[in-house]
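The following exercises concern the structure shown below.

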Amino acid sequence: MNKLYTAQEVADRLKIKKTTVYELIKRGELESSKIGKQLRVSEEQLTQYLNRSSSGNFGSGQDIPYTSVNFEPESSLLKRDYLLHSSGIILGGQTSATLELLLGKMSAHPDGLPVLQSHMNDYNGLYSLYFEKAHIAATSLDVDDIRHLVPGIPLVLLSLYKYSVGFYVQAGNPEKISSVEDLTNPKVVFMNREKGSARRVYLDRLLKERGISSEKISGYRNEAVSDMSSASAVFEHRANVALGEEMIARYFPGLDFVPVTDMQMYLAIPAKSVKNPGFSALVEIVQSEDFKTEIHHLTGYDTSYTGEMICI
C-alpha cells in the first residue's frame, strides 16, 4: 500500500522544518496530493524526490511558511499566493471592526474557508480583483466607479453597512469648518488621504464639481494611509482638519466631527464565485440577522441594507 504522509511527517523524515516542506511543494520539487483540504505526500512521491536529490540538500534551507487550513504562516504574501491556488479566500481591504467580525465568523462557520485580509485601499483592492490577485474587494466607492475599475467582469456587490463621513476638527471647531470650501482658508492645514482611497476619490470629485483647485488647500499633498492616522494628525495639532468616518473620531476625545456625506461599504465579489463553497458561507453570514445586529451594536453603523446584493 502506498502510504500517505502529512507535511509534518515528511519534515520529520527529512529532518527539516514543516514550512520548508511546503516550500518544496510550492517550487514543484516535491510532488503532493490534496486529500479534502489537506496536502499529503505519498511514499512514491517522497522516494522520487529523494532520488532526484543526489546532493542530499532538501531545499534552500530557508523556511518559507506554507500550510493547509490550520497552519498560520508568518508571511501574509506567501499565504496569499498559497490561498490563490488552493481553497482559501483573499479579501482586499483596510482593517475595520466589521471585517474582523466577519472573518471571525467565517473561521467558525462549518462551510467557511480560511480568509486572508490583504490590507489595501479601495482602488488597489479592485485592481487586485481585476487582475485575479484577490477574490473579494471591500470598497466604499460608488457603484459606477466599481464598474469602471473592474470592466468586463460581472460582479455582485454585497452590502455591509452605511456610515457617515465628514471632517475631523479640533474640539469646538475653532476654524468653523463646515464644507469643502472652508479648506481653502489659508489658516487651515488639511491632512489628506492617499490616492486610491474612497475618501480621496470623494474629495477630488467634490473639488472638481465645486471648481476648487487643490493648490488652494494647504496640506492637500500631506497623505495619511488610514482614517485613524488622519484623525491622529488633527488630534496632535499637526493639521486642523481631515476627512474620515465618524466612528474613528470616538477614539479621540479632543476631536469633534462635522458630517459631510454617507458612504456604503460593499464586498465586491465576482458573480461566478458567489455560490462557490466558502463564498456562499460568507454571504450567508452577512445576510444573517445576528451579523446585522452585532454590526449595529459594535459600530452604530446603519444596517438597513446589510446583506442586500447588487449585480453589476
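Throughout, a residue is called buried when its relative accessible area is under 20%, exposed when this is over 50%, and partly exposed in between, with a 1.4 Å probe and protein chains only. The model is a predicted one, in which local features need pLDDT of at least 70, side-chain atom pairs count only at pLDDT 80 or more, and totals for chains, interfaces and linings use all residues. Residues are numbered from 1 along each chain as its sequence is written, and side-chain values use heavy atoms, with hydrogens and water left out.

**Exercise 1. Confidence**

Task: Identify the elements with the lowest and the highest mean pLDDT in the protein chain.

Solution. 
Step 1. The quantity pLDDT is the predictor's confidence in each residue, from 0 to 100. For the protein chain its mean is 86, and 86% of the residues reach 70 or more.
Step 2. Elements are DSSP runs numbered from the N terminus: helices (H or I, at least four residues) and strands (E, at least two). The lowest mean, 52, belongs to helix α4 (residues 76–84), and the highest, 98, to strand β8 (residues 190–193).
Step 3. Residues 54–75 have pLDDT below 50; in the model this stretch has 48 contacts beyond near neighbours in sequence, where contact means heavy atoms within 4.5 Å. Where pLDDT is low, predicted coordinates should not be read in detail.

**Exercise 2. Asp145 and its surroundings**

Task: Determine whether Asp145 is buried or exposed, and which residues are in contact with Asp145 when neighbours within four places in sequence are left aside.

Solution. 
Step 1. Asp145 is located in helix α7 (residues 143–149).
Step 2. Its relative accessible area is 15%, so Asp145 is classed as buried.
Step 3. With neighbours within four places in sequence excluded, Asp145 has contacts with Val201 and Arg205.
Step 4. Arg205 also forms a salt bridge with Asp142, with 3.5 Å between the closest N and O atoms; the criterion is a side-chain nitrogen of Lys or Arg within 4 Å of a carboxyl oxygen of Asp or Glu. Since Arg205 belongs to helix α8 (residues 198–210) and Asp142 to the loop between β6 and α7, the pair ties together parts 63 residues apart in sequence.
Step 5. Arg205 is partly exposed at 33% relative accessible area, and Asp142 is partly exposed at 47%.

**Exercise 3. Salt bridges**

Task: Describe the salt bridge of Arg193 with Asp227 and that of Arg238 with Glu236.

Solution. 
Step 1. The structure contains 14 salt bridges.
Step 2. In the pair Arg193 and Asp227, the closest N and O atoms are 2.6 Å apart. The two residues link distant parts of the chain, Arg193 being in strand β8 and Asp227 in helix α9, 34 residues apart.
Step 3. Arg193 is buried, with 3% relative accessible area, and Asp227 is buried, with 6%.
Step 4. Both belong to a network of salt bridges that links Arg193, Glu194, Arg199 and Asp227.
Step 5. For Arg238 and Glu236, the closest N and O atoms are 2.9 Å apart. Arg238 is partly exposed at 47%, and Glu236 is partly exposed at 46%.

**Exercise 4. Nonpolar cores**

Task: State how many residues the largest nonpolar core has, and which of them have the most contacts inside it.

Solution. 
Step 1. A nonpolar core is a set of buried Ala, Val, Leu, Ile, Met, Phe, Trp, Tyr and Cys residues joined through side-chain atoms within 4.5 Å.
Step 2. The largest core has 58 residues, and Leu267 and Leu282 have the most contacts inside it. Strand β7 (residues 155–170) supplies the largest share of this core, ten residues.
Step 3. Leaving aside neighbours within four places in sequence, Leu282 is in contact with residues including Leu102, Ile136, Leu158 and Leu267.
Step 4. A second, separate core has 14 residues, among them Ala11, Tyr22, Leu24 and Tyr49.

**Exercise 5. Backbone of two loops**

Task: Specify where Glu132 and His237 lie, and characterise their phi angles.

Solution. 
Step 1. Most residues other than glycine have a negative phi.
Step 2. Glu132, in the loop between α6 and β6, has a positive phi of about 60 degrees. With 60% relative accessibility, Glu132 is exposed.
Step 3. His237, in the loop between α9 (227–235) and β10 (241–245), has a positive phi of about 65 degrees. With 58% relative accessibility, His237 is exposed.
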